[in-house]
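Hi everyone, thanks for coming.

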Amino acid sequence: MKIGIIVAMDKELRQLQQLFCDGNIRVEKCGIGKVNAALGAQRMINEFHPDVIISSGCAGGNGDDINIQDVIVGSEVTYHDVYCGKAIDDTTVYGQVQGLPVRYTPDPMLLEKALAISQQSSAISVHPGLIVTGDWFVDSKEKMRSIVEIFPEAKAVDMESCAIAQTCYINKVPFISFRVISDIPLRDTDASQYHDFWNTIADNSFQITKTFVESL
């Protein structure tokens, strides 16, 4: 099986490249944001022809049960900054690109394996849930409140997962997202938790992705 893993930043790339040396597993950096994510996913599909694509990296967390270093497995992903309006199609909802799914869901087999890992893991808490994506680094409580007002069930907020999911959906490539929680914006000030994450506790934060790949 050929597995493609896409991350946004050099920091994440270095973490994951240390974990994989198999020629059937390719880890690539796409860059930050939705356009970079979609371009990176399409390049991965065109050049590597993976059987599965994994979006991996860090994200802001949401919820009383979510803590830094927890891992969110995207049981659903959508956009928090997309609205196509109702002028043409009054069935399109907030977060949905008109004509495409309201929310993208991973391949059921991939999600089942991810949930099995969550039951086995004792060192790291793994939560299935909604990941919302948008072109905004959430560094204030006010911005996070505006997102969770629309998506109160969201467990993580990132800048790439849904764009990768949309690209995979169009290309019919199975997809799943793993996001390590680097900060909790509603408990943070000026993204200090995010900076502390990379400075002090990011080491080994992507082991769940490695465990998942080994289960395939």
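Let's start with K34, which forms a salt bridge with D135, their closest N and O atoms being 3.9 Å apart. This pair ties together distant parts of the chain, 101 residues apart: K34 is in helix α2 (residues 34–48), while D135 is in the loop between β5 (126–133) and α4 (141–150). By salt bridge I mean a side-chain nitrogen of Lys or Arg within 4 Å of a carboxyl oxygen of Asp or Glu. When I say helix or strand, I mean a DSSP run (H or I, at least four residues, for helices; E, at least two, for strands), numbered from the N terminus.

Before I go on, some housekeeping: this is a predicted model, where local features need pLDDT of at least 70 and side-chain atom pairs count only at pLDDT 80 or more, while totals for chains, interfaces and linings use all residues. Residues are numbered from 1 along each chain as its sequence is written, and side-chain values use heavy atoms, with hydrogens and water left out.

Back to our pair. Is K34 buried or exposed? K34 is buried, at 15% relative accessible area, whereas D135 is partly exposed at 42%. Here buried means under 20% relative accessible area, exposed means over 50%, and partly exposed is in between (1.4 Å probe, protein chains only). K34 and D135 also join D81 in a network of salt bridges.

How many salt bridges are there by this rule? The count is ten. Another one pairs E153 with R103, with the closest N and O atoms 2.7 Å apart. Again, distant parts of the chain are linked: E153 sits in the loop between α4 and β6, and R103 in the loop between β4 and α3, 50 residues apart. Both E153, at 36%, and R103, at 24%, count as partly exposed.

Then there's E214 with K210, where the closest N and O atoms are 2.5 Å apart. These two share helix α7 (residues 207–215) and are four residues apart, about one turn of the helix. An α-helix has 3.6 residues a turn, so residues three or four places apart point the same way. E214 is exposed at 55%, and K210 is partly exposed at 23%.

Now for the second largest pocket. A pocket, on a 1 Å grid over the protein atoms alone, is an open set of points where a 1.4 Å probe fits, with protein on both sides within 12 Å along at least five of seven lines; lining residues have an atom within 4 Å of a point. Which residues line this one? Among them are Y104, P106, A165, C168 and F175. Helix α5 (residues 161–171) gives the most to that lining, with three residues. Eight of the eleven residues of α5 are buried, so the helix is largely enclosed by the rest of the structure. A165 and C168 are among those buried residues. Just after α5, K172 takes a positive phi of about 60 degrees.

D190 has a phi near 55 degrees, a positive value in a residue other than glycine. A191 isn't a glycine either, and has a positive phi of about 60 degrees. D190 is exposed, at 64% relative accessible area, but A191 is buried, at 6%.
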